[in-house]
Amino acid sequence: MSSSTKDAAARPKSGQETAYRRASIAALPGGAFLEGRWETVDRILEVRDPEDGVLLGAVCSSSPQDVRRAVAFIHRHLQEDDWVLRDRREALERAALLLTGQSVRFAEIIAAESSKTINEAEREVRRCIETLRLSAAASSELVGETLAFEDSIVGANKIGWYNRKPVGIIAAITPFNDPLNLVAHKLGPALIGGNGVVLKPSGRTPLTGLALIQLLLEAGVPAGRLAAIVSGPGVSEAIVTDPQVDLISFTGGPKTAYRIAAAAGAKKILSELGGNNATIVCADADANAAAEAVVAGAFGVAGQNCLSVQRVYVHISLFDQVLEKVVAGTRTLRVGAKFDRATDVGPMITEAEARRVEEWVEKAKSAGGTVHVGGQRHGAFYQPTVLTDVPPDALVIREEVFGPVVSILPFIQIADAIRAANDSDYGLQAGVFTESIELALAIADKLHVGAVVINETSDVRIDSMPFGGFKKSGVGREGVKHAVREMTEPKSTIIKLAEPATRWQQLNATSERNAS
């Protein structure tokens, strides 16, 4: 491990720096939000900086009874209060403007409680502003069509139309790795669609989600449309099983998703469950561009990114060249303190997660894998690691590593690379490097994933695209307007008219009365 990593992990923070990190968090009014007010009692669940364990704040320990109160309050307001589409759009537009003005504060909260460097946190805030703007603009999705009764054998004397209506109450369960933008990807579409939302942010990074709830309230979102509960005995089960919760939107791991599905019963569930993403570098590819993109895509947020590059299949003719450049690029990355702007890679979310990644890499080495750079841990920091010679049944190949580890693997035939890339329980995204558009499209057609990125890696997402994957990577699609459609349902209105002769008689009678 580099000396900069050890220094960053070991040195105590100065009082000034600790105060700097706490300043943005101190303004949070409570540790949970339910029944239209902030909760301040039972703030006993500590939130600590994963870099050094500094205490940042505390959130409420809630109960299943709290969940029932929160859901019942939202349900009542959905029945009693009319929040029209224009007001919903304007509230989200104001939220985007407020977040622009508070971008420094939000970036500091994200960097303090998560694995993100301050540079990564600032990028997340910018994306969240866009997500809120897109959510406001998605008001245009809430349209319908007239029903084609005239073209039906049962449609005589009927007219009608459908429009989109909210499903009701949405449970939004979010992870630690994008604690602001992934929350916005659930709350924004849910609110523009007219729903109420119960947010359960990650217990590791709850402060960012609570800050967003505060901002949405300031922007004009009615208190009867929102709740935020972080953790407590039985809370998760209470949220997903509450009979008044109509839809669950979950981002996390497959094991948790299976438990949610088993507990929730007959409810609509949207799930984004991660990836084990492959990139294919063909013989005619630009080796420099491919290597640079692999380094950028493999190690952001210390590899804790569902789009992270995990497996890279390189044609044998370019293998040594690409490997050399990826290793050289990885060596230039600076592992260190999150608030140091020179830092490229910060800590993992917990030391336990860093130990897990360390164990997986050691198992790959024992099975014949070669570590070219990295492979060392210090506390919660794990050095960016490049592997080769890894057998196909190793955990770092079969499962989602969710850490700063990438494996470079050679191939001879394109068909073999496609087969290897598809040989995964996941199917989120993939990258292809080639100078031939025909070859690129042919490969893209064969890759069983939610998105294929040409001359880039899997680590590409714009917030308007349909986002999700095949197989264990999830069910349904996020991406603002696509999520709006998932979080609303078409509702038809049908009018039965009188027979044509009767209508003419009524019209004539009305005309005669008016004439007299």
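Trp-161 has Thr-493 as its bridge partner in β24. The model is predicted, so local features need pLDDT of at least 70 and side-chain atom pairs count only at pLDDT 80 or more, while totals for chains, interfaces and linings use all residues. Residues are numbered from 1 along each chain as its sequence is written, and side-chain values use heavy atoms, with hydrogens and water left out. Helices (H or I, at least four residues) and strands (E, at least two) are DSSP runs numbered from the N terminus.

**Strands around β6**
- β6 and β24 (residues 488–496) run antiparallel and are joined by nine bridges; two strands pair if DSSP finds at least two bridges between them.
- β5 (residues 145–146) also pairs with β6 (residues 158–166) in the antiparallel sense, over two bridges.
- Glu-145 has Tyr-162 as its bridge partner in β6.

**Seven-stranded sheet**
- The order of this open sheet is β14-β17-β18-β13-β12-β20-β21, with mixed pairing.
- β14 (370–373) and β21 (451–454) are the edge strands, each with a single partner, so one side of each has no neighbour in the sheet.
- β13 (residues 309–315) and β18 (residues 405–411) run parallel, joined by five bridges.
- His-315 stands opposite Phe-411 in β18.

**Helix α6**
- The 20 residues of α6 (residues 118–137) should span 28 Å at 1.5 Å a residue, the expected span being 1.5 Å times one less than the number of residues.
- The end C-alpha atoms of α6 are 29 Å apart, which agrees.
- Buried residues (under 20% relative accessible area, 1.4 Å probe, protein chains only) of α6 include Ile-118, Val-125, Cys-128 and Leu-132.
- Among the elements covering them are α4 (85–101) and α17 (480–486), with contact meaning heavy atoms within 4.5 Å.

Definitions and conventions
Buried means under 20% relative accessible area, exposed over 50%, partly exposed in between (1.4 Å probe, protein chains only).
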